[in-house]
Amino acid sequence: MSDAGPEHSAFRKEQDVISNMENQKFDEAVQSMQSEIQENIAQNSPLLGDDQHISELSKEYAADDESYQEKIKTLGESYSSVRKTRGDGNCFFRAFGFGYLEHLMKNKDDFPKFHEPASKTFQQLKDLNYPEFTVEDFFEQFMTTVKSVSDPDTKLDDLVQLFRDDAVSNYFIVYLRLITSCQMQTLADFYQNFVDNGKTVVEFCKTEVEPMYRESDHMHIIALTTALNARIRVVYMDHSNKKLLLHDFPEGCKPAIHLLYRPGHYDLLYPK
């Protein structure tokens, strides 16, 4: 006896439409759906939020979600506030970019340690046969933003406004993604050990690193921090672990910035 009601039949029809769709039309449908999702996110979430008290995180979860509520209390023992980023797949790069430039603005001695490797990335990308004309535009905009934090007249609010500007913020993120890709391809033998599904490192970079709105994982973090001589701590908070997990990149470093990771999303944390 069949239990296929009207809703099930409608679902099957939709599945048939999808399965019989030409690849190009399917790709266009997926891209259209993704665009709608991105537009909805953009309307409801700023690229970069204000600095908020750490306790604000508790409002995002049910009061009886003891796991998260306890973890947030634990976070409050070490961190005073959080700055949220838009959950659009670029959150790691946006949190890293703003957080690290904010750190360099307040810690001038660290500026050369970041600026020097950053200034060499354009040549490294050219060595991998990236188109000079296109990459140079992103590089120059990236370095202009980096250099701005060494100017004593640049204020924190100026940096916040830069990262809330779609054009500036996204240019910066595109170049961070290129730096990450370049690092992975340069050390392809090492990163190949972490690439799944039979892809080469180059294929992984073209599909999972360079495109905007693709989420980031350990590989991205290791590559970017290595390329830019950066030091970060990621605090992992989810339901699968009883306690918060801390991971420093590189291992054993004194972190310059701290990020909060919740499944699929990164925000910026401020220690007490």
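**Ground rules.** I number residues from 1 along each chain as its sequence is written, and I work with heavy atoms for side-chain values, leaving out hydrogens and water. As the model is predicted, I ask for pLDDT of at least 70 for local features and 80 or more for side-chain atom pairs, while totals for chains, interfaces and linings use all residues.

**Aromatic pairs.** I paired rings of Phe, Tyr and Trp (its six-membered ring) with centres within 6.5 Å, calling planes under 30 degrees apart stacked, over 60 edge-to-face and the rest tilted. I got 17 aromatic pairs that way. I then looked up F142 and Y175: the pair is tilted, because the ring planes sit at 45 degrees, with the centres 5.0 Å apart. This pair links distant parts of the chain, with F142 in helix α7 (residues 132–148) and Y175 in helix α9 (residues 166–186), 33 residues apart. I take helices (H or I, at least four residues) and strands (E, at least two) as DSSP runs, numbered from the N terminus.

I checked burial too, where buried is under 20% relative accessible area, exposed over 50% and partly exposed in between (1.4 Å probe, protein chains only). F142 is buried at 1%, and Y175 is buried at 0%.

I also found a cluster linked by ring pairs: F92, F93, F96, Y100, F114, Y236, Y261 and Y266.

**α4 against α12.** Three of those names came back when I turned to the helices: F92, F93 and F96 of α4 make the contact (heavy atoms within 4.5 Å) with H220, I221, L224 and T225 of α12.

For α4 (residues 91–106) and α12 (residues 218–227) I noted a packing angle of about 30 degrees and axes 11 Å apart. The axes are lines fitted to C-alpha atoms over the stretch in contact, with angles from 0 to 180 degrees between N-to-C directions. That makes α4 roughly parallel to α12, the term for angles under 35 degrees.

I saw a cis peptide bond from F249 to P250, omega near -5 degrees; P250 is in the loop between β4 (245–249) and β5 (257–262). N197, not a glycine, has a positive phi of about 60 degrees, and I place it in the loop between α10 (188–191) and α11 (201–209). N197 is exposed at 76%. Y213 has phi near 75 degrees, lies in the loop between α11 and α12, and is partly exposed at 39%.

Notes
Angles under 35 degrees count as roughly parallel, over 145 as roughly antiparallel, 65 to 115 as roughly perpendicular and the rest as oblique.
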